[in-house]
Amino acid sequence: MAEQVPEKVAGEVAISVTGLTKIFGTRKVVDGFDMQVGKGAIYGFLGPNGSGKTTTIRMMCGLLTPDGGAGQCLGLDIVRDSREIKKRVGYMTQKFSLYEDLTIAENLDFTARMFGMKNRKALVAEAVRDLGLEGRAGQLAGTLSGGWKQRLALAACMIHSPDLLLLDEPTAGVDPKARRDFWDEIRKLAARGVTVLVSTHYMDEAVQCDHIAYIAYGKKLIDGAARDIPGQIGLSTYVVTGPDLSELEARLEAEDGTGQVIRFGAELHVSGTDKAALDALAEVERARGTHEWVAKRAGLEEAFIYLMAGAKDNFMLEPVS
Ligand SMILES: Nc1ncnc2c1ncn2[C@@H]1O[C@H](COP(=O)(O)OP(=O)(O)OP(=O)(O)O)[C@@H](O)[C@H]1O
């Protein structure tokens, strides 16, 4: 079960930026980006390939200097104090970023050294203990299973107790149990006040986030609490049950203006932003008497698929005017 965010964490701001802009060559890849992130939030960044998610996140955390705009991260100025901010950021990429031919302890020690930690021996011992890997500290990291490699990678990027954690498609290619354990761990960190920014294309990562920002063409189009996102898009949904769902799915998809048709196990979820048209379709289909059509509140799953389906690659960004 998700841990409650402690009172002292709720309401505090970890990141606040305005007008962030980045130009690469002749292209404006991030354009006037404003955002506030609360301390202890798990913020998912969604958007097409090349839409500017990584560039935005890096600017928000002082890892990349903006060409325009300003802001604060962890109470520090994102341009002037970037060196200080960097010391307080942990970064986990989708690829296993540790050394397979070093042991578990050596990997942790290497990362602790990189961050200039003084009490490395104690920190490594503590991390190994927290991981539940006592007695296996001398094992080569390359011999661990996917799930364990990922836990080790997380432990390594938390070794300097950062206040901000950046995750880039963190559970890509990890089995469902390990994925669940990973998110439990992330929620524990968030409950302790660690702010987490996640860049992802995956629905099962997006639904773990309590806040979502959707970025396309370097601009933030949608931003808010995850539960409010379907409402912000204006998405309505019907759940359809009955016989021969594949046949019905094919027929609905072939019809113009049906909106989005997704199979969820023994249900079809039919969603669209034109509620009147969707209600009319449900009326007609109900009259056929073959399937049950029940209106439901659109969820983040439907919203995510809707956003990502409309999202083409964003490599053709507008040139700087
Ligand atoms: N250092 C750089 N020099 C030049 N162009 C860059 C640089 N970094 C990123 N870009 C370009 O800026 C655009 C935005 O890239 P960015 O990595 O921020 O997008 P993204 O949304 O994170 O993409 P993805 O989901 O594929 O990781 C892309 O067109 C990319 O090619």
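Me: Which residues touch the most other members of the largest nonpolar core?
Reply: This is a predicted model, in which local features need pLDDT of at least 70, side-chain atom pairs count only at pLDDT 80 or more, and totals for chains, interfaces and linings use all residues. Residues are numbered from 1 along each chain as its sequence is written. A nonpolar core is a set of buried Ala, Val, Leu, Ile, Met, Phe, Trp, Tyr and Cys residues joined through C-beta atoms within 7 Å, where buried means that 20 or more other C-beta atoms, placed from the backbone, lie within 10 Å of the residue's own. Of the 62 residues in the largest such core, those touching the most other members are Tyr43 and Val196.

Me: Which helix gives the largest share of this core?
Reply: Helices here are DSSP runs of H or I with at least four residues, and strands are runs of E with at least two, both numbered from the N terminus. The largest share of the core amounts to six residues, and these come from helix 5 (residues 146-157).

Me: Which strands stand at the edges of the open sheet of six strands?
Reply: The strand order is 6-7-8-3-9-10, with mixed pairing, two strands being paired if DSSP finds at least two bridges between them. An edge strand has a single partner strand, so one side of it is left without a neighbour in the sheet, and this holds for strand 6 (89-92) and strand 10 (219-225).

Me: Which helix provides the largest share of the shell around the ligand?
Reply: By class, the shell has three nonpolar residues, eight polar and one charged, with Ala, Val, Leu, Ile, Met, Phe, Trp, Tyr, Cys and Pro counted as nonpolar, Asp, Glu, Lys and Arg as charged, and the others, Gly among them, as polar. Of the twelve residues around the ligand, Phe24, Asn49, Lys53, Thr54 and Thr55 come nearest, a residue being near if its C-beta atom, placed from the backbone, lies within 6 Å of the molecule. The largest share, three residues, comes from helix 1 (residues 53-60).

How values were computed
A residue is buried if 20 or more other C-beta atoms lie within 10 Å of its own, exposed if 12 or fewer, and partly exposed in between; C-beta atoms are placed from the backbone.
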